[in-house]
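Here is a friendly walk through one model, with helix packing, the nonpolar core and a few loop residues as the stops. Please keep the viewer open as you read.

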Amino acid sequence: AEKLYKKNINRLFDSKNSYQRILAYLVIAGSGDKSFEQGLLKKIEIETDKGNLIWAGMALMYLNTSHTTPLFDFLVKNETFGDAHMLPLFIQLNKDSLQQTAYQRIKSENVTAQILAAQILSSTELNGKTEELLKEAVRNWDIEIKGYAIYSVKELQIDNLLETFKPLLDSTQTRRIALEALANSPTKEDREYLFDLVEKQDTVSKELLDCFLQSKNTENIRYWLRLLYTKPIPQKYIFFVFKQPILSSDEVLTDLHIAFEKISNPEVLHELVRALKGRTDDKSVRIMISLLKHDDSTVRYWAAWSLKGNI
């Protein structure tokens, strides 16, 4: 097979037949043959057939190329970001190379390049330069794309946000993601500002509840659980346990138990009980068994589902 590969791969790679070239790109990607890396970088510049172009780029990603900047420019031109297929592969490449590429492109005049650069930074290591560039983007980018930079600030848990982020809470386009970034900040003042907003509301808004629930900070999850029984919340408040793994962690189990003792809202109970799935400790089992007798059939169903296999 190796002899057959070596004999034919160059002919297929340079063939005038587009199907043969695609076959070459697929075989190169599957074999991990990095000797074709430079050739593939050329191909993503000169291929005119869309299918060939995409597979040449995909082959580079499967080869784990360190040439992330030309591949970045290729994605800007060819990726459909509403239904991205190549981007998940791209962000798995060398993080240092991705970071340097993002630094080069985040101030591009091309809006798509700016957005992609900000997205890439969210998956790289936080440092002073990344923080500076993202905060600058939050301040200066058009409101239509500012949210992409805010998202990366949130994901990287950048601190000292309040001065820059407070004005963003007045816009429907940035309010939700700005609240999430403030909740994820390690800075006490940023989070305390959100606590103050909660105290000013008779009924805690879904946006505020969600910003605490979606946080990476365990203390925010504990606070969210307390809000469920200490403050009025929207009547039809919908949330999903599977989106927040901290809810099923040992760190908040005691807080979860207390919440079950105090919450009566069936809309909350039937989702929250799913956080006890897999628990075998006495208290968790007792809670689930007690919910099997609840008046609400949906609560009973999810209690039974959570209990199944636990005992």
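## Terms and ground rules

Buried means under 20% relative accessible area, exposed means over 50%, and partly exposed lies in between, with a 1.4 Å probe and protein chains only. By that scale Gln173 is partly exposed, because its relative accessible area is 43%.

This is a predicted model, in which local features need pLDDT of at least 70 and side-chain atom pairs count only at pLDDT 80 or more, while totals for chains, interfaces and linings use all residues. Residues are numbered from 1 along each chain as its sequence is written, and side-chain values use heavy atoms, with hydrogens and water left out.

## Gln173 and its surroundings

Gln173 sits in the loop between α11 and α12 (175-184); helices here are DSSP runs (H or I, at least four residues), numbered from the N terminus. Leaving aside neighbours within four places in sequence, Gln173 is in contact with Ile143 and Glu144, where contact means heavy atoms within 4.5 Å. For a sense of scale, Gln173 and Phe36 are 137 residues apart in sequence and 45 Å apart in space, C-alpha to C-alpha.

## Two loop residues with positive phi

Asn64 is found in the loop between α4 (50-62) and α5. Phi of Asn64 is near 60°, a positive value in a residue other than glycine. With 48% relative accessibility, Asn64 counts as partly exposed.

Gln157 belongs to the loop between α10 (146-155) and α11 (162-165). Phi is positive for this non-glycine residue too, with Gln157 near 55°. Gln157 is partly exposed, at a relative accessible area of 31%.

## Helix α5 against α7

Two packed helices are described by the angle between their axes and the distance between the axes. Axes are lines fitted to C-alpha atoms, for helices over the stretch in contact, and angles run from 0 to 180 degrees between N-to-C directions. Helix α5 (residues 68-78) and helix α7 (residues 95-105) pack at about 60°, with axes 9 Å apart. That makes α5 oblique to α7; angles under 35 degrees count as roughly parallel, over 145 as roughly antiparallel, 65 to 115 as roughly perpendicular and the rest as oblique.

The α5 side of the contact is Thr68, Thr69, Phe72 and Asp73, and the α7 side is Ser97, Leu98, Thr101, Gln104 and Arg105. These residues divide into two nonpolar, five polar and two charged; Ala, Val, Leu, Ile, Met, Phe, Trp, Tyr, Cys and Pro count as nonpolar, Asp, Glu, Lys and Arg as charged, and the others, Gly among them, as polar. Ser97 is buried, with a relative accessible area of 18%. Beyond four places in sequence, Ser97 is in contact with Ser66 and Thr68.

## Helix α16 against α18

Helix α16 (residues 253-262) and helix α18 (residues 282-291) pack at about 30°, with axes 11 Å apart. The two helices α16 and α18 are therefore roughly parallel to each other. Leu253, His257, Phe260 and Glu261 of α16 meet Lys283, Ser284, Ile287 and Leu291 of α18. By class, this contact has four nonpolar, two polar and two charged residues.

## The nonpolar core

A nonpolar core is a set of buried Ala, Val, Leu, Ile, Met, Phe, Trp, Tyr and Cys residues joined through side-chain atoms within 4.5 Å. The largest one has 103 residues, and those with the most contacts inside it are Leu40, Phe90, Phe165, Trp224 and Leu272. Helix α8 (residues 111-121) gives the largest share of this core, seven residues. Not counting residues up to four places away in sequence, Phe165 touches Val138, Ile150, Val153, Ala178, Ala181 and Leu182.
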